[in-house]
Amino acid sequence: MMKRQRYGAHITRLLTAMAAIVAWIGTTAQAQVVQPLRAVECDSLLLCDFFWNGVQREIDEAIGDSVRAWPWQIGSETTDGLAQRVAAWEQGLQGLNLWGLGAEASWRADDFKHLLRESVELGMLTRQARFFDLAERLLANPAIRHWRDSGKDNVDREVADALRAVSSVAYATSGHDVFVNMLVRCNVHLQSDSVDFFAQIVNSAPWYNDTSLRIVRDMSLIDVTVDSVLSEYERVIIHEEYGGDSVDVAFHIRIPSWVGSGDMLPRYTAKARRQQVLFFVNGSPVKAEMKDGYAVIKRRWTVGDLLVVKMPTPILRVYDKQDDSRVALQRGPLLYVSGNKASGWNFDPESAINHDFSQQLKAIALKGELYNASGKKPFDAVPAYLSDERDKIFMPVR
């Protein structure tokens, strides 16, 4: 009888140990799964988004309103799988040109779509701003270029879908954290398991980058600015009711790589005059903690609170690390091409460059000077996607 009891006790302990091991394995496996941020749908039909300079409206007219979600159905990932994807993404950057494409003056729609999708998904999984930096570069340069070159009748449908869906990943949530991944002017209903509130975001990126984010009671219309440049950019907003008055939120606001000096892509580095990103809550300056390329501002927010981000948009001088005899110009996410580039004329990268909004182009143009032994002459530069010389983005500096 005693032996049977001892055997029973041993078996009980063994079964308990096995159950503990199974539970530990289950917990470990669960801990190794990474859940993406929850994408938040922005307000209703974007009639004429300022960022896309009318392209959004043209896409709506050409392909309708049924593609907003493409291609951002993002699933969970294991930590090992995520590490492998990040390593492959980083390796792929080595061969990219300044456009974000795989070879000079090339456009391969499948390569573009894969890189854009992977960049967005990795950004949502890792919560690191660098992935959205590349996504913004791709959307603001080769994607719009492809749209304008191809026209509405023969543009790649999925490229058009990607342009149409950009606002679908601009804002995302996780618990009390709200991520501002891209600057898109809109009304948005921000929801997670922990928060449920509305915000109005007014922004005129990429031309000017003072952004205001106001906590509001419902999806009321964004006030039309009196500024003559912005007044035509209006929206149709869906109205909803809101019952709460305050909410604890940590806003994570992406600070793009183009706000100052530093590496743009592995092969390229940028120089610019140092300027600060400033943050204000209800008119008072506040400090933000930087984390993975995001500025984090955490507090209890009340309906009516206003967060303002003053983000510089310097004119970057971008150099190929392997060839510092040429320089490219970039402002915000947009690459520029200069005219008047006659043989024998060089650009002084230390010289002043002015910028001005062109009503004719509906874009900001840059103005500067070229020089040679006989003197100086002016040059203009326009966003590369608007130029017939769009592949000649580098200028000689000596």
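Student: How many bridges join β14 to β15, and do these strands run parallel or antiparallel?

Tutor: Three bridges join β14 to β15, and the two strands run antiparallel. Strands here are DSSP runs of E with at least two residues, helices are runs of H or I with at least four, and both are numbered from the N terminus. Two strands pair if DSSP finds at least two bridges between them. This is a predicted model, with residues numbered from 1 along each chain as its sequence is written. Local features need pLDDT of at least 70 and side-chain atom pairs 80 or more, totals for chains, interfaces and linings use all residues, and side-chain values use heavy atoms, without hydrogens and water.

Start at the pair itself. Aspartate 292 sits in the loop between the two strands. Its phi is near 55°, a positive value in a residue other than glycine. Aspartate 292 has a relative accessible area of 42%, so it counts as partly exposed (buried is under 20%, exposed over 50%, partly exposed in between, with a 1.4 Å probe and protein chains only).

Now the sheet around it. Six strands make an open sheet in the order β2-β4-β5-β9-β15-β14, and the pairing is mixed. β2 (38-39) and β14 (289-291) are the edge strands; each has a single partner strand, so one side of each has no neighbour in the sheet.

Next, the aromatic rings. The structure holds six aromatic pairs (rings of Phe, Tyr and Trp, the last by its six-membered ring, with centres within 6.5 Å; planes under 30 degrees apart are stacked, over 60 edge-to-face, the rest tilted). One of them joins phenylalanine 251 and tryptophan 301, edge-to-face, at 5.2 Å centre to centre and 80° between the planes. Phenylalanine 251 belongs to β9 (residues 246-254) and tryptophan 301 to β15 (residues 294-302), so this pair ties together parts that are 50 residues apart in sequence. Both residues, phenylalanine 251 and tryptophan 301, are buried. Another edge-to-face pair is phenylalanine 347 with phenylalanine 379, at 5.7 Å centre to centre and 85° between the planes. That pair links strand β20 (residues 346-347) to strand β23 (residues 375-383), 32 residues apart. Phenylalanine 347 is buried at 0% relative accessibility. Phenylalanine 379 is buried too, at 1%.

Ring pairs link Phe197, Phe251 and Trp301 into a cluster. Phe197 and Phe251, with Tyr171, have the most contacts inside the largest nonpolar core, which has 108 residues (a core is a set of buried Ala, Val, Leu, Ile, Met, Phe, Trp, Tyr and Cys residues joined through side-chain atoms within 4.5 Å). Helix α5 (residues 129-154) gives the most to this core, with eleven residues.

Arginine 127 lies in the loop between α4 and α5. Its phi is positive, near 60°, and it is not a glycine. Arginine 127 is partly exposed, with a relative accessible area of 26%. Helix α4 (residues 109-126) has 18 residues and should span 26 Å at 1.5 Å a residue; its end C-alpha atoms are 25 Å apart, which agrees (the expected span is 1.5 Å times one less than the number of residues). In α4, 14 of the 18 residues are buried.

Finally, another open sheet. Its six strands run in the order β6-β7-β8-β16-β12-β13, with antiparallel pairing. β6 (186-191) and β13 (284-286) stand at the edges with a single partner strand each, so one side of each is left without a neighbour in the sheet. The twist averages 25° from one strand to the next (axes are lines fitted to C-alpha atoms, for helices over the stretch in contact, and angles run from 0 to 180 degrees between N-to-C directions). Six bridges join β7 (residues 196-204) to β8 (residues 208-216). Three residues make the hairpin between β7 and β8. Glutamine 200 has arginine 214 of β8 as its bridge partner. Arginine 214 also stands opposite leucine 306 in β16. Five bridges join β8 to β16 (residues 306-310), again antiparallel. At the other end, β12 (residues 278-281) and β13 pair over three bridges. There, phenylalanine 280 has proline 285 of β13 as its bridge partner.
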